[in-house]
4 protein chains.
Amino acid sequence: MQTATSVDLLTRYRHIRLQSEQICAPLATEDYVVQPITDVSPPKWHLGHTTWFFENFLLIPHFPGYQVFNSAYPYFFNSYYESQGPRIHRSNRGNMTRPSVEEVYQFRQYVDLHLLELIEQLQKRTDQAAQEALFTLEVGLQHEQQHQELLLTDIKYILGNNPLFPVYAAGESTTEAIPARPAEWIEMAAGLYAIGHQGEDFCWDNELSAHQVYLQDYAIQDRLITNGEYLEFIEAGGYEHYDHWLAEGWDWAKQLECKAPLYWFQQDGQWFNYTLQGFRPLNIEEPVCHVSYFEADAFARWKGLRLPTEQEWEAACRLTEPLIRGNFLEQKKGHPQSVGMAPATQFLGDVWEWTASAYLPYPHYPRFKGALGEYNGKFMINQMVLRGGSVATPQSHLRITYRNFFQTDKRWQFTGIRLAR
Amino acid sequence: MQTATSVDLLTRYRHIRLQSEQICAPLATEDYVVQPITDVSPPKWHLGHTTWFFENFLLIPHFPGYQVFNSAYPYFFNSYYESQGPRIHRSNRGNMTRPSVEEVYQFRQYVDLHLLELIEQLQKRTDQAAQEALFTLEVGLQHEQQHQELLLTDIKYILGNNPLFPVYAAGESTTEAIPARPAEWIEMAAGLYAIGHQGEDFCWDNELSAHQVYLQDYAIQDRLITNGEYLEFIEAGGYEHYDHWLAEGWDWAKQLECKAPLYWFQQDGQWFNYTLQGFRPLNIEEPVCHVSYFEADAFARWKGLRLPTEQEWEAACRLTEPLIRGNFLEQKKGHPQSVGMAPATQFLGDVWEWTASAYLPYPHYPRFKGALGEYNGKFMINQMVLRGGSVATPQSHLRITYRNFFQTDKRWQFTGIRLAR
Amino acid sequence: MQTATSVDLLTRYRHIRLQSEQICAPLATEDYVVQPITDVSPPKWHLGHTTWFFENFLLIPHFPGYQVFNSAYPYFFNSYYESQGPRIHRSNRGNMTRPSVEEVYQFRQYVDLHLLELIEQLQKRTDQAAQEALFTLEVGLQHEQQHQELLLTDIKYILGNNPLFPVYAAGESTTEAIPARPAEWIEMAAGLYAIGHQGEDFCWDNELSAHQVYLQDYAIQDRLITNGEYLEFIEAGGYEHYDHWLAEGWDWAKQLECKAPLYWFQQDGQWFNYTLQGFRPLNIEEPVCHVSYFEADAFARWKGLRLPTEQEWEAACRLTEPLIRGNFLEQKKGHPQSVGMAPATQFLGDVWEWTASAYLPYPHYPRFKGALGEYNGKFMINQMVLRGGSVATPQSHLRITYRNFFQTDKRWQFTGIRLAR
Amino acid sequence: MQTATSVDLLTRYRHIRLQSEQICAPLATEDYVVQPITDVSPPKWHLGHTTWFFENFLLIPHFPGYQVFNSAYPYFFNSYYESQGPRIHRSNRGNMTRPSVEEVYQFRQYVDLHLLELIEQLQKRTDQAAQEALFTLEVGLQHEQQHQELLLTDIKYILGNNPLFPVYAAGESTTEAIPARPAEWIEMAAGLYAIGHQGEDFCWDNELSAHQVYLQDYAIQDRLITNGEYLEFIEAGGYEHYDHWLAEGWDWAKQLECKAPLYWFQQDGQWFNYTLQGFRPLNIEEPVCHVSYFEADAFARWKGLRLPTEQEWEAACRLTEPLIRGNFLEQKKGHPQSVGMAPATQFLGDVWEWTASAYLPYPHYPRFKGALGEYNGKFMINQMVLRGGSVATPQSHLRITYRNFFQTDKRWQFTGIRLAR
């Protein structure tokens with residue numbers, strides 16, 4: 001793993017930090033505060049938490065004479081680091097009206113001021129401690145980018161949970177239904193494939209170590225499943241027949257009276273969905289999103305097909321480069337876009353793709369040392385891997401080897417479906 | 001019941017409406033939004049709900065040509081009126097960031113503008129419909145005053161639940177420990193006593209009908225129990241001995257690991273409490289407050305005494321007039337005050353006093369007609385009566401016959417103890 | 001309170017103990033073990049618990065040299081006496097397969113053997129300790145009679161919860177629909193009435209002290225509400241209209257999807273109910289039973305009437321003696337019977353009658369001393385009083401002043417309705 | 001997959017059916033009835049369910065003129081087959097006192113009588129339907145063997161949950177602490193390994209299809225972890241340090257206040273455990289059992305090692321045949337035994353071994369057709385694979401390729417630990 005050493009590090013720091021604030025720019029003060037479900041954190045919490053990360057792991061250990069902004073803040077902004085002391089219970093985040101939004105922004109300014117100075121200091125140093133600090137800085141930036149995605153999806157949940165269905169941003173997304181080309185099969189031959197991150201640039205520990213796997217013959221589709229295709233599943237009674245579903249998924253769907261993806265609403269026989277551009281008629285050409293693993297899996301079984309494993313996904317993705325990129329945060333679409341007639345496969349961007357792989361360590365998994373060791377490894381159970389990033393993912397944050405993970409019932413992220421056989 | 005007909009009705013309307021907003025004046029925007037427990041509603045919800053009451057029950061039926069401010073608002077601001085249509089689930093109030101605080105204030109302005117005009121119209125009319133509308137107006141004003149008390153106690157909970165323990169208002173409360181005079185017994189002779197509201201001025205339906213009850217000999221104390229006296233109970237192991245407690249109270253205290261009143265904190269052997277003036281050392285001379293019925297009852301049993309019934313309380317209160325008034329909202333103390341050497345008994349004001357009476361209808365209880373019939377009667381089960389008002393109650397709202405009621409585990413109101421035998 | 005001192009005490013002890021076992025005679029071994037809801041205890045637990053009561057409160061303190069049957073049993077058979085040490089959690093009773101049914105009967109035999117000897121000893125003594133022991137014996141016998149009623153209702157729940165709907169006993173109940181005479185009003189004049197137990201014979205502490213109350217004019221019906229009358233409420237949409245219900249009752253009915261009394265089933269448009277004589281068509285002439293307080297109260301409100309207070313009930317009951325008795329455990333009907341054309345009012349027997357009174361202490365309530373002080377007083381909160389006994393109550397156990405009590409959602413007892421206005 | 005066709009099929013059927021009843025022979029009637037946790041089913045339910053399987057899938061479709069024993073039984077004894085109609089909720093099994101134990105045994109006799117006749121008929125036929133029926137028969141036998149293991153572990157839970165800690169059977173287990181030899185490492189070279197069932201004899205669908213996997217270099221221990229080794233983890237504060245645990249495991253341990261494996265008890269500083277032979281001092285030489293995945297994983301991490309994947313386990317197991325067998329149901333040990341100085345590795349028998357593999361389908365997984373398709377596939381989510389069988393597994397039921405699976409918090413099975421690196 002190589003730490004960021006370019007002369008543009010200051011610029012990059014400023015850019016990433018600014019991007020978080022820009023995501024929040026359309027919000028009213030009230031929108032920053034609430035937590036309608038435990039999974040969702042208040043936007044001001046994200047802004048404070050990412051800042052605490054820099055203060056806690058960089059300024060306090062590495063900036064001589066640094067005075068913490070407010071000694072009470074770690075209790076608010078530590079997320080789950082047992083090593084970093086007590087903290088408010090996760091489900092209590094949305095009850096904290098203080099620190100105020102303004103105070104959180106002041107906290108950001110204060111930390112940024114010192115961080116920029118610290119970066120300059122570190123860049124002049126060549127010692128081991130400085131190298132480690134620069135690596136932690138890189139982790140902090142990647143961490144902030146992760147929270148940018150969460151910011152956007154949590155904002156969507158906060159607004160979409162409100163009966164007024166407020167528009168987040170007009171966006172550049174079109175409501176025009178651009179027909180998606182038919183799906184084709186990418187045929188893959190059996191054999192040994194290299195999996196995991198190689199090279200010197202940054203990656204998370206869970207992408208390591210690079211290793212070989214033996215894959216059987218398989219085929220994978222060259223585009224995502226669309227709303228229209230998913231609608232066929234619904235109209236065929238997909239949510240009413242147990243035999244498409246995992247037992248736990250069937251119980252989940254029955255208990256929640258789940259009949260469609262999150263943010264889908266049926267009114268007078270017409271389907272609508274809530275998007276960051278507001279409430280609007282369902283566009284059947286767009287990739288389906290906001291489905292749980294249970295739904296993705298049931299859809300695939302109904303089709304007589306299956307989800308790809310993460311290794312199958314990674315091998316096919318690598319094979320078909322460079323025609324794999326779709327829409328990221330930077331394209332400001334705010335919603336996954338129809339593939340149209342484009343040859344691009346949208347392996348990367350638009351929606352995270354559920355895979356049939358449990359989130360478990362790779363062979364010789366090298367967990368990060370120290371407090372950062374709590375970052376990935378301790379979550380490696382009872383979650384499934386998602387691949388590819390989404391319209392809410394910063395493009396510079398994503399790699400082919402990137403492993404995202406969520407529990408099988410989660411669907412407030414931009415999660416979609418690609419089929420294999 | 002007489003409706004408000006004085007020439008000062010416009011003034012009174014303006015005053016009461018303004019008072020609600022003044023209670024919220026010290027808040028940050030964020031403080032208006034959250035709901036840390038289901039009992040507590042967001043301040044902006046209170047401001048919207050009381051306004052909805054006027055729009056819904058007065059402007060819509062009585063103001064010709066009235067256009068509702070926003071047709072989506074009833075769904076947000078109807079509290080529990082089944083007759084008035086669907087509404088967000090109570091526990092979801094704190095997840096609604098919209099309408100914004102500013103929009104709620106605009107809603108208030110819009111409704112006030114029309115209401116003031118309606119009042120002028122109604123005062124010129126003599127027909128039955130106008131009289132009924134004026135009665136409903138009176139109910140709306142009394143209703144808003146009730147929510148003023150809830151606003152203050154909900155704000156206290158929101159701020160007191162925050163580890164920063166923000167000060168709500170410096171207040172005029174003193175932290176000086178003014179010694180409370182010893183408690184004396186008011187001896188009451190057995191006999192028939194008149195209970196319930198008489199006369200033409202406003203009262204709630206639950207205070208009717210006035211009727212006679214036969215009371216045995218009893219005695220009741222002439223002041224409230226103090227923090228110091230309650231502290232003796234704690235120090236004597238009051239929370240550790242089952243025999244002081246009702247079985248359900250014992251289970252409640254064990255499950256919540258309850259060891260002191262709400263807002264009491266022990267640090268390094270010293271007791272502190274959170275008040276609207278902030279976090280401060282416990283003042284042992286002040287009346288104890290924020291105790292549940294279970295705690296009040298256990299304290300009384302530990303003392304070898306008991307709580308008075310609501311009839312005993314009312315008879316004694318009436319007997320000792322006029323020396324019964326303590327501190328109300330208007331005195332802006334923000335916290336119950338030591339009785340000091342004053343002869344006043346604080347029957348009214350300072351803290352609501354738990355009585356040993358279940359909240360049940362009086363004989364010949366005349367439930368309000370129509371939608372307002374949902375106001376009191378449907379809650380007459382599994383709650384206990386409290387009497388006397390508190391530092392959060394508007395003085396003009398309170399009467400000797402006033403019956404407040406809460407479940408036995410609630411303690412976020414200013415609830416205290418007076419003993420009987 | 002006078003203790004039982006007659007020469008027939010041995011006979012009475014034998015009789016009551018035997019009666020418990022006779023109630024269980026129709027059971028299969030399996031039926032003794034389970035606890036389908038927390039309220040219901042396994043029959044073998046009742047048999048063991050009543051026996052533990054005698055061993056614990058009589059043999060251990062009063063029988064010199066007594067050896068406990070099994071030192072592990074108190075942990076199983078103590079119900080809720082905090083003073084008597086730890087015990088299995090109530091909800092865990094139905095998971096205990098040991099002690100076996102046979103062992104529990106051996107426990108009974110062993111204790112009976114010693115108890116009969118102890119009674120003979122005590123009857124020869126005149127000291128204070130002996131008198132106190134004889135009083136405790138009386139409490140033990142009354143206690144066992146209470147558990148006889150619970151045994152029968154718990155057995156009914158265990159069998160009625162089984163899809164096979166086993167017959168408990170053919171019984172002497174008729175399925176013939178004997179028409180119930182029309183209900184008449186008993187008019188009662190306002191005035192002072194004596195309430196509570198007087199005299200020297202046994203009563204529970206909660207029936208004391210006798211005292212006067214002032215009652216307003218009222219009227220009370222001279223028979224119970226029938227299944228047929230309750231069916232009209234159902235058919236009029238009683239369970240679908242919020243305005244008949246207390247708010248808490250409405251929530252209860254919605255959450256449980258409650259549409260009829262417990263044990264009522266609708267099949268192909270016909271109503272049936274499960275009785276101890278098995279599954280059979282609903283007899284519309286019988287008194288309605290197995291309704292919660294919420295249902296009784298909603299029915300009364302739908303009728304434009306109300307439930308009587310316990311004082312109103314007691315005054316009217318006393319006035320109309322001796323024509324008040326219906327069917328008790330001894331009549332072995334197993335189910336409440338149609339009043340037919342009889343003048344008897346069934347104030348006593350057939351079904352417990354929900355009153356509009358909360359279960360609270362009478363003035364000068366003299367709680368039993370010592371461990372027995374946990375018997376009644378600690379439950380005096382959030383329950384409503386029932387009066388009159390049922391087909392499951394031993395006749396010798398019941399008095400006009402007897403106060404039974406349950407939470408407002410309970411309906412597995414034989415609970416019914418009498419109306420007042 | 002080959003169906004059972006040997007002339008010994010009748011004998012085998014009789015033997016397996018008898019074995020289930022022999023497992024229950026030591027029980028009192030009461031022990032057959034209860035369900036202390038949802039995971040555990042009442043023994044009489046197991047006896048009825050396995051019988052229902054034969055009646056439902058064999059007699060009804062294949063035995064001309066068959067009369068069902070009792071048409072109400074499917075409602076009781078269908079476990080989770082959505083295709084086979086409604087059934088009592090799983091958590092309600094322990095509330096069903098009927099059918100009685102005796103009736104369940106009669107049900108078994110009745111079904112056995114017809115089944116034996118059906119087997120004879122089928123063995124004379126050569127048509128496809130007969131072949132399919134014989135395959136279903138084989139599934140029924142394997143299914144009954146699975147329930148034999150559950151019977152034993154559920155009985156253990158029922159008895160071990162009782163404060164009397166009844167002895168199930170004296171057994172042939174010794175309480176003598178036979179020293180276990182030191183663990184050695186089996187070194188395995190990287191390469192392609194064959195995984196999954198091959199050949200014509202019976203296997204479950206989840207063991208198919210056989211396929212190759214590429215494994216990295218690894219090593220696996222040649223014996224199980226002992227109680228003594230696990231005790232070191234406890235004494236080193238293993239349950240008190242978050243860093244050994246998966247986040248979900250840490251929450252699990254905190255919430256349940258989990259401080260040792262299931263059935264371990266500490267009294268006066270000494271460790272004891274409940275076994276089928278009763279309550280006894282902990283034998284530190286025996287393999288540790290009744291640990292959850294969370295505990296197995298935390299133990300491994302504390303050791304600086306890890307659990308093997310199921311592929312690593314299978315490859316090593318196959319390599320070291322035939323020295324892999326320990327104790328099965330047939331050895332009647334009732335508890336895992338110390339490996340002593342034996343060269344055998346106990347890969348098979350003694351305890352199920354948690355692997356680091358999620359329970360997911362193999363490539364080209366061929367789900368059973370029809371109703372039996374609900375057998376395995378629908379559970380392939382959020383569970384981990386266990387390998388090797390235990391002292392409660394019939395030896396003839398187990399294969400090297402056998403895949404068992406449980407959620408990560410379960411520990412009432414005989415589940416233990418083998419380490420890899």
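In which helix of chain D is Gln19(D) found? Select Gln19(D) and you land in α1(D), residues 9–24; helices here are DSSP runs of H or I with at least four residues, strands are runs of E with at least two, and both are numbered from the N terminus.

Before going on, a word on the ground rules. This is a predicted model in which local features need pLDDT of at least 70 and side-chain atom pairs count only at pLDDT 80 or more, while totals for chains, interfaces and linings use all residues. Residues are numbered from 1 along each chain as its sequence is written, chains are lettered from A and ligands numbered from 1 in the order in which they are written, and side-chain values use heavy atoms, leaving out hydrogens and water.

**Stop 1: around Gln19(D)**

Stay with Gln19(D), which is buried at a relative accessible area of 10% (buried means under 20%, exposed over 50%, partly exposed in between, with a 1.4 Å probe and protein chains only). Now show its neighbours: leaving aside residues up to four places away in sequence, Gln19(D) touches Gln148(D), Leu329(D) and Glu330(D). Contact here means heavy atoms within 4.5 Å.

**Stop 2: a covered helix in chain C**

Next, select residues 310–319 of chain C, helix α9(C), where eight of the 10 residues are buried. Those buried residues are Glu310(C), Gln311(C), Glu312(C), Trp313(C), Glu314(C), Ala315(C), Ala316(C) and Cys317(C).

**Stop 3: two domains of chain A**

Move to chain A and colour domain 1 (9–160) and domain 2 (174–421) separately; the bounds come from an automatic or database domain assignment. Taken over C-alpha atoms, the domain centres are 28 Å apart. At their interface, 28 residues of domain 1 of chain A are in contact with 30 residues of domain 2 of chain A.

About 2700 Å² is buried between these two domains, 63% of it on carbon and sulfur atoms. Buried area is the accessible area (1.4 Å probe) that two parts lose on being put together, summed over both. On the domain 1 side, pick Tyr80(A), Glu149(A) and Lys156(A), which lose the most area to domain 2 and together make up 26% of what that side buries.

Which side chains meet in a salt bridge with a 3.6 Å N to O distance? Select Lys410(A) and Asp39(A) to see that pair; a salt bridge needs a side-chain nitrogen of Lys or Arg within 4 Å of a carboxyl oxygen of Asp or Glu. The count between the two domains is one salt bridge. For the domain 1 side, show α1 (9–24), α2 (43–62) and α5 (128–160) of chain A, the elements that each give two or more residues. The largest share, 17 residues, comes from α5(A).

**Stop 4: chain A against chain B**

Finally, display chains A and B together, where 29 residues of chain A are in contact with 29 residues of chain B. The pair buries about 2300 Å², with carbon and sulfur atoms giving 61%. Highlight Glu30(A), Thr97(A) and Arg98(A): they supply 29% of the area that chain A buries against chain B, more than any other three residues.

Two salt bridges are counted between these chains. On the chain A side, α3 (73–77), α4 (101–124) and α5 each supply at least two residues.
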